[in-house]
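This report describes selected features of one structure, moving from a sheet and its helices to a pair of helices and then to a loop. The sequence and the structure are shown first.

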Amino acid sequence: MTNVNAIIKEVWGDAPVTYEPLNGGHVNFTYKVSVDGKDYVLRINGKQNDFLGLSREQEVAVFKAAYNMGIAPPVHPKTTDKYLITTYIEKEEFDFKQPAMLENAVEVLKKIHTIKGINRTFSPFDLVNKYLEGMRSLKVNFPDILINALTKVEEIEKRWNKDRTTREAYCHNDYFTFNILSANKKLYVIDWEISGVGDIFFDLATITFSSAFSRAQEEHLLKCYFGKFEEEHYTALKDMQFMNMLREATWSLMHSGMEEEVINSDINYLDFGNYILSKIKDGYLYY
């Protein structure tokens with residue numbers, strides 16, 4: 001891991017600085033840094049980049065675009081491809097199931113889906129394949145449940161390839177509550193690592209599956225986004241819920257094979273991956 005003290009010295013020189021780990025960073029290392037009466041978030045990129053081939057330069061570009069839209073914190077000018085520095089925002093807890101918060105989150109998502117000029121693409125199928133490749137290279141065991149689940153991906157991809165109309169918007173692709181900061185009734189989105197032009201239903205499904213929405217709540221979300229409910233939208237949502245769960249499972253299992261320090265959470269990657277797979281086996285498309 002890159003030495004946090006060396007980075008702080010590089011950015012702020014000899015200024016008196018204090019820092020502490022922040023909760024929530026599962027694949028990178030995040031710290032709250034206080035200097036000259038201001039607070040920042042320092043994120044040091046982890047090993048996942050080696051497997052996903054992420055462009056940090058493009059991530060910073062979209063972060064700045066989101067900031068200009070009022071939906072992301074500002075980026076520090078000394079950010080590099082090794083670490084990202086943003087202004088710290090004190091987060092307030094919220095729940096997607098709260099009607100006002102859901103409507104707010106959907107409006108922010110609509111803004112994200114209008115971002116232009118960032119040359120990044122995203123496919124949930126490609127992402128899962130990269131995690132699978134990572135598992136193979138790290139010699140992580142493939143559980144039978146995972147092997148069985150992968151057969152369903154082919155069916156979903158066939159349906160996905162028939163309709164490209166919702167696949168051309170810029171998406172966040174990691175729209176979990178822990179990547180959204182709620183402060184003073186405004187929402188700020190962080191962690192744009194895997195953002196890119198992709199499928200809006202993947203973003204919408206991240207909300208529904210991670211918050212265990214009921215059928216009625218899923219329909220309400222679709223009405224909030226589209227202004228109406230259509231069965232074909234619901235089918236696409238459920239397909240992308242499945243891909244979200246498979247993404248989480250393969251992400252966790254790949255990370256279980258990495259020898260990397262975890263400072264921002266107490267997650268057990270292997271247990272979490274198997275837990276998600278058990279939910280897939282039982283037919284539950286949510287946590």
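In this predicted model, helix α3, which spans residues 56–68, lies across β3 and β4 and runs at about 10 degrees to β4.

The sheet to which these strands belong is open and is formed by four strands in the order β1-β2-β3-β4, with antiparallel pairing. Its edge strands are β1 (17–21) and β4 (83–87), each of which pairs on one side only. From one strand to the next, the twist averages 25 degrees. Strands of a sheet pair through backbone hydrogen bonds, in either a parallel or an antiparallel sense. Here β1 and β2 (residues 29–35) are joined in the antiparallel sense over five bridges, and V17 has V35 in β2 as its bridge partner. Helix α1, residues 4–12, also packs on the sheet, where it touches β1, β2, β3 (38–44) and β4, and the direction of α1 makes about 130 degrees with that of β3.

A further packing arrangement involves helix α6 (residues 144–162) and helix α9 (residues 231–256), whose axes come within 10 Å and cross at roughly 140 degrees. The crossing of the two helices, α6 and α9, is left-handed. On the α6 side the residues in contact are L146, A149, L150, K152, V153, I156, R159 and W160, and these meet T235, D239, M240, F242, M243, L246, T250 and L253 in α9. Sorted by class, the contact of α6 with α9 comprises eleven nonpolar, two polar and three charged residues.

The last topic is a loop with positive phi values. N184 is found between β6 (180–183) and β7 (186–189), and K185 lies in the loop between β6 and β7 as well. Neither residue is a glycine: N184 has a positive phi near 55 degrees, and K185 has a positive phi of about 65 degrees. Since exposed means a relative accessible area over 50%, N184 counts as exposed at 68%, and K185 likewise counts as exposed at 78%.

| Residue | Phi | Relative accessible area |
|---|---|---|
| N184 | near 55 degrees | 68% |
| K185 | about 65 degrees | 78% |

Conventions
Residues are numbered from 1 along each chain as its sequence is written. This is a predicted model: local features need pLDDT of at least 70, side-chain atom pairs count only at pLDDT 80 or more; totals for chains, interfaces and linings use all residues. Side-chain values use heavy atoms; hydrogens and water are left out. Buried means under 20% relative accessible area, exposed over 50%, partly exposed in between (1.4 Å probe, protein chains only). Two strands pair if DSSP finds at least two bridges between them. Axes are lines fitted to C-alpha atoms, for helices over the stretch in contact, and angles run from 0 to 180 degrees between N-to-C directions. Contact means heavy atoms within 4.5 Å. A crossing is left-handed if the near helix is turned anticlockwise from the far one by less than a right angle, and right-handed if clockwise. Ala, Val, Leu, Ile, Met, Phe, Trp, Tyr, Cys and Pro count as nonpolar, Asp, Glu, Lys and Arg as charged, and the others, Gly among them, as polar.
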